[in-house]
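Please read these points with the model open beside you. They cover a metal site and some charged contacts.

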Amino acid sequence: MGLLSEGSPLDWEDTKKLADHVRKHGIIQFINLYKRLRDRQGDVLKWGDEVEYMLIKFDDEEKKARVSLRAPEILSTLNEKELKDPTGVKSLWRPEYGAYMIEGTPGKPYGGLLAHFNVVEANMRYRRQEVMDQLKNGEVIMSLTSFPRLGCPDFTEPPAKPTPTSGASRSLFFPDEAIFPGHPRFKTLTQNIRYRRGEKVAINLPIYRDENVAKPFKENLLKLGDDGSSEKAAKDNHVYMDAMGFGMGCCCLQLTFQACNIQEARTLYDQLTPLCPIMLALTAASPFYRGYVTDVDCRWNVISCSVDCRTSEERGEEPLKNNKFRIRKSRYDSIDSYLSEQGDRYNDVPLTYDNDIYKQLLDNGIDRLLAQHVAHLFIRDSVSIFSEKVHQNDEKDTDHFENIQSTNWQTMRFKPPPPNSSIGWRVEFRPCEIQITDFENAAFVCFIVLLSRVILSYNLNLLIPISKVDDNMAKAQKRNAVKDEKFWFRKDITSEIDKDVDINNEYAEFTINEIINGKDGVFVGLIPLVNSYLASMNVDADTHCTVQRYLKLIQRRASGELLTTAAWLRKFVMTHPDYKKDSVVSERINYDLLKRVHDIQTDVDPCPELSGPYTTSKTTEKIPAAIAKAEKCPIADC
Ligand code: ADP
Ligand code: MG
Ligand code: MG
Ligand code: MG
Ligand code: MG
């Protein structure tokens with residue numbers, strides 16, 4: 001999403017009427033862009049991260065921590081620099097769903113030099129500092145996946161009250177003031193998703209069953225102004241949430257890669273897919289919701305349910321009458337099909353799509369795999385249209401395509417080049433939760449980028465059936481998944497596919513430790529592969545040291561020697577002197593927890609249980625000229 005406001009959103013009635021219009025022109029726009037760009041070649045590796053942050057305000061007298069709704073104000077100051085010098089700034093700032101959230105990316109994407117791994121963390125620090133310079137007394141910026149007391153009474157600064165009978169969310173817990181106000185997009189999406197679904201969204205997370213949790217655990221929602229609908233949607237023994245903000249109000253870490261051409265992008269999209277649940281489990285960082293300790297460690301299902309616009313017919317709860325399809329998943333979920341020829345044999349989940357659209361794509365020279373991918377994305381209706389964008393030039397514009405594409409929030413995104421730009425075919429890696437420190441976030445970013453290079457250089461094959469990736473997504477979110485769960489993974493990732501081998505013999509269950517660190521004589525391990533790749537490269541001493549610290553962090557997280565963020569957060573709460581074994585994150589516990597998080601984040605009091613011996617690397621803001629020159633060996637060969 002760009003800097004400027006997108007215009008005036010249409011109301012739901014008009015949006016609904018235009019659903020077919022957007023689909024029809026979106027498909028034509030995709031066909032046109034495909035014809036223009038299918039043969040585009042020779043783009044080099046570029047990549048960049050996206051970090052989402054929360055603004056928190058401490059009240060040291062009352063010992064409370066609240067989310068601060070000043071993101072719009074801070075964002076407009078941050079954006080001034082970019083407006084003056086769009087190509088020269090070191091960071092770019094964008095709005096996010098919450099009025100307490102902002103998203104920061106590097107000013108320019110990184111390139112193919114190994115030495116780029118040494119500037120990621122410094123840039124993240126720079127970004128954090130840039131925001132810190134705008135903060136008022138008591139305010140801090142945090143990279144925190146979920147605010148533990150989001151949706152509890154009095155969780156915002158300034159205070160705001162939920163409005164169950166009016167406004168965009170109609171939530172019992174989440175006030176509309178907590179939605180980013182400058183961009184009409186967020187409120188419109190919230191409202192239209194609710195209208196399309198025909199009721200409020202419903203999120204039910206199993207509560208963590210500590211000794212003093214009531215049996216059954218059931219809240220009095222009528223007291224909060226429920227008209228009966230929440231009571232019906234809320235499950236016993238679950239933490240119930242009823243607004244888009246509970247999901248889209250979480251922060252995450254994303255990565256985008258540019259591929260040299262469309263084929264490479266399709267390969268990367270597929271090969272990174274089985275890693276999504278693994279990286280979700282490894283980055284797990286969000287065990288608390290609406291003031292409770294839950295039995296899950298990740299945000300994924302929360303967001304998935306928070307934007308689930310499917311009607312009860314589409315969800316399979318009623319016979320189809322007014323809707324066209326049964327739809328298996330929310331528009332926010334893991335991907336349903338692979339895109340490369342190699343991946344075809346692992347597409348074992350039946351795909352829902354409109355046959356006419358599929359056929360239209362085929363008739364225009366688009367191959368079966370890409371056609372079914374796009375047709376599947378296009379089973380969704382638009383949930384937000386701006387009046388200025390209704391009529392478009394399908395030869396040049398791509399807004400209708402992007403309208404549907406960008407509201408299919410999946411683990412991976414296949415991004416075509418934007419119109420009139422120098423940008424190539426890209427893929428986005430979207431599952432990771434955000435970590436407390438820049439060191440950890442940089443570590444995960446560099447690890448994934450390195451893996452992508454190893455995959456391409458060694459021609460690795462990580463593919464397993466899509467249904468098994470789906471199973472892994474469910475496992476990844478469970479409490480302590482890294483330690484307790486086994487994940488489906490391909491047994492031999494370095495050999496070519498042997499078509500005579502039964503697919504079901506190609507994969508087995510592994511622990512995350514085995515997947516990351518290897519298992520003697522059984523599985524090679526991802527980090528050993530990354531290390532053997534690095535050993536063949538010419539890397540300067542500082543970058544080498546930085547990368548080794550990152551890899552060590554990931555190895556120790558995988559082995560259980562270090563805690564995941566989620567495990568550490570749980571431990572802090574459960575051992576807090578005020579904790580009553582009732583799975584409640586009280587105001588005071590929340591305050592103390594976030595104070596501790598802040599001390600870790602600012603390196604005032606680092607946490608060896610989370611990071612090990614190092615809390616930073618040899619990171620520098622710029623690649624020294626001598627190193628850039630010396631590093632003749634670009635990491636992308638195409
Ligand atoms: P979105 O929110 O749609 O995912 P953003 O613009 O917020 O996209 O983030 C895109 C990321 O891609 C940023 O990290 C940016 O640095 C990076 N990026 C920008 N241009 C390229 C490119 N040509 N190739 C790869 N990554 C790029
Ligand atoms: Mg975004
Ligand atoms: Mg973004
Ligand atoms: Mg974002
Ligand atoms: Mg993104």
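The numbered points below take the metal site and then the salt bridges.

1. The model is predicted, so local features need pLDDT of at least 70 and side-chain atom pairs count only at pLDDT 80 or more, while totals for chains, interfaces and linings use all residues. Residues are numbered from 1 along each chain as its sequence is written, chains are lettered from A and ligands numbered from 1 in the order in which they are written, and side-chain values use heavy atoms, with hydrogens and water left out.

2. Glu50 (OE) and Glu103 (OE) coordinate the magnesium ion (ligand 3) at 2.1 Å. These two residues come from distant parts of the chain, 53 residues apart: Glu50 is in strand β1 (residues 47–59) and Glu103 in strand β4 (residues 101–106). Donors here are N, O and S atoms within 2.8 Å of the metal (3.2 Å for Na, K and Ca); water is not among the atoms, so sites may look incomplete. Helices (H or I, at least four residues) and strands (E, at least two) are DSSP runs, numbered from the N terminus.

3. The magnesium ion (ligand 3) and the magnesium ion (ligand 2) are separated by 3.4 Å.

4. Are the two coordinating residues, Glu50 and Glu103, buried or exposed? Glu50 is buried at 14% relative accessibility, and Glu103 is buried with a relative accessible area of 10%. Buried means under 20% relative accessible area, exposed means over 50%, and partly exposed lies in between (1.4 Å probe, protein chains only).

5. How many salt bridges does the structure hold? There are 55. A salt bridge is a side-chain nitrogen of Lys or Arg within 4 Å of a carboxyl oxygen of Asp or Glu.

6. One salt bridge joins the side chains of Arg70 and Glu139 (2.7 Å, N to O). Arg70 sits in the loop between β2 (64–68) and α3 (71–84), and Glu139 in strand β5 (residues 139–142), 69 residues apart. Arg70 is buried at 12% relative accessible area, as is Glu139 at 8%.

7. Another salt bridge pairs Glu587 with Arg149 (3.6 Å, N to O). Glu587 is in helix α21 (residues 587–601) and Arg149 in the loop between β5 and β6 (156–157), so the pair ties together parts that are 438 residues apart in sequence. Arg149 is buried, at 12% relative accessibility. Salt bridges with shared partners join Asp59, Glu62, Lys64, Arg66, Arg149, Asp154 and Glu587 into one network.

8. The side chains of Asp605 and Arg596 also form a salt bridge (3.6 Å, N to O). Asp605 is partly exposed, with a relative accessible area of 37%.
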